[in-house]
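This explanation leads the reader through one protein structure, step by step. Please keep the sequence and the model in view while reading.

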Amino acid sequence: MATGYVFHEHLMWHDAGSSADMMPPGRFVEPGKHLDAPGAKRRLNNLIQVSGLSRHLVPIVPEPVSIEDLLRVHTPRHVDDIRMLSERGSGFAGPQAPIGIGSFEIALLSAGTTYAAMRAVLTGRVDNAYALARPPGHHAGPDGAMGNCLFSNIGVSIRRLQHEGLLDRAAVVDWDVHHGNGTETIFYSDPSVLTISVHQDNLYPTGSGALTDNGEGAGAGYNVNIPLPAGSGMGAYESAFDRVIVPALRAFKPDLVIVASGFDASGFDPLGRMMLNSECFRRLAARMVAVAAETSRGRLIMSQEGGYSEGYMPFCGHAVIETLANYRTEVVDPLSDHIDEWVGQDLQPHQIAVIDAAEGLLTRLRKRITSAA
Ligand code: ZN
């Protein structure tokens, strides 16, 4: 089993600027540290080195994607906006989407990170891969940056590989705590890409990620949202994977499984209200490895999205990458047992109701797949 690991120091240099958490400085907002500062992702990369996990990974050096690659997904106006703001050196490219000097070039490299992971898997260089992309991508739509995301790393990579003839059908499983609205929009009417997002109901962006948003036109049925209530724990997530996500992948049989891998559903994340620990992320990753083996000849990549607990997020990422590599280091998550004991980790009735409804969407998906075959 060979697992690719895509990282570049330059990704850590995207400067989200001065903010108080996510609030831009203002008359009553003291300047401070932005939550999307590189701390968490840098510490994940460092933990991978210190634990020795890096010795069991195939290092892959990414290259930036081209403007032409961006334009398969994004409008020229959006691309120009990001480039201009990046040259100017500061500002917001969209709601909650800060940009610093050189962020344009770093965003091209971030998309290239995801692309390199996908390409390495599709060409058989590695079996699966993890891309430590930064800035993230799943909120970026065709014509706008949002929520720390400038370009759609996953969207741009899928479209380029389809253009290159290396990829036909892909499935995106987004386990970031926020709705993968950008990815949803890009592929909303496209039956070649199944998009699934499990997220905290109406957290971000608000008014997005409803069960009823199910794809349109030729893509009708090929978008599945699982909006779990705030406070959901491991029971709800594992049930959503067993009853909805894994069966959807089995039905769709993609050529590549892509996980939009945010760790902001962890119990210590400042931007989510869910209760997962690193061991639960390990179990979810194991499900993805198993279903990819069944449906996609094991072809699986994960691309980093959010995750804002500087101290805790690295343990979640490390557990997931250990699972991809099928290698366990000596790393012990100091908080895992504690989170296990929190009340409400078991599946709750109001969570079952959402998962029941999401499972109901599979009937339509299966019908669409059968009639397309
Ligand atoms: Zn997120």
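The expected span of a helix is 1.5 Å times one less than its number of residues, where helices (H or I, at least four residues) and strands (E, at least two) are DSSP runs numbered from the N terminus. For helix 11 (residues 349-372), with its 24 residues, this rule gives 34 Å, and the end C-alpha atoms lie 36 Å apart, which agrees. The model is predicted, and local features need pLDDT of at least 70, side-chain atom pairs count only at pLDDT 80 or more, and totals for chains, interfaces and linings use all residues. Residues are numbered from 1 along each chain as its sequence is written, and side-chain values use heavy atoms, with hydrogens and water left out.

Which residues of helix 11 are buried? Here buried means under 20% relative accessible area, exposed over 50%, and partly exposed in between (1.4 Å probe, protein chains only). The buried residues are Q351, V354, I355, A358, L361, L362, L365 and I369. An α-helix has 3.6 residues a turn, so residues three or four places apart point the same way. The cover over the buried residues of helix 11 includes strand 7 (193-200), strand 8 (223-228) and helix 7 (234-252), with contact meaning heavy atoms within 4.5 Å.

The next topic is the metal site. Donors are N, O and S atoms within 2.8 Å of the metal (3.2 Å for Na, K and Ca); water is not among the atoms, so sites may look incomplete. The zinc ion has as protein donors D176 (OD), D176 (OD), H178 (ND1) and D264 (OD), at 2.0 to 2.7 Å. Along the sequence, these donor residues follow the spacing D-x1-H-x85-D. D176 is buried, with a relative accessible area of 0%, and H178 is buried at 8%.

Aromatic rings are the last topic. Rings of Phe, Tyr and Trp (its six-membered ring) pair if their centres lie within 6.5 Å; planes under 30 degrees apart count as stacked, over 60 as edge-to-face and the rest as tilted. Nine aromatic pairs are found in the whole structure. One of them, Y5 with F7, is stacked, at 6.4 Å centre to centre and 0° between the planes. Y5 counts as buried because its relative accessibility is 6%. F263 and F281 form an edge-to-face pair, with 5.0 Å between centres and 80° between planes. This pair links distant parts of the chain, F263 lying in the loop between strand 9 (256-261) and helix 8 (278-295) and F281 in helix 8, 18 residues apart. Ring pairs also join W175, F241, F263 and F281 into a cluster.
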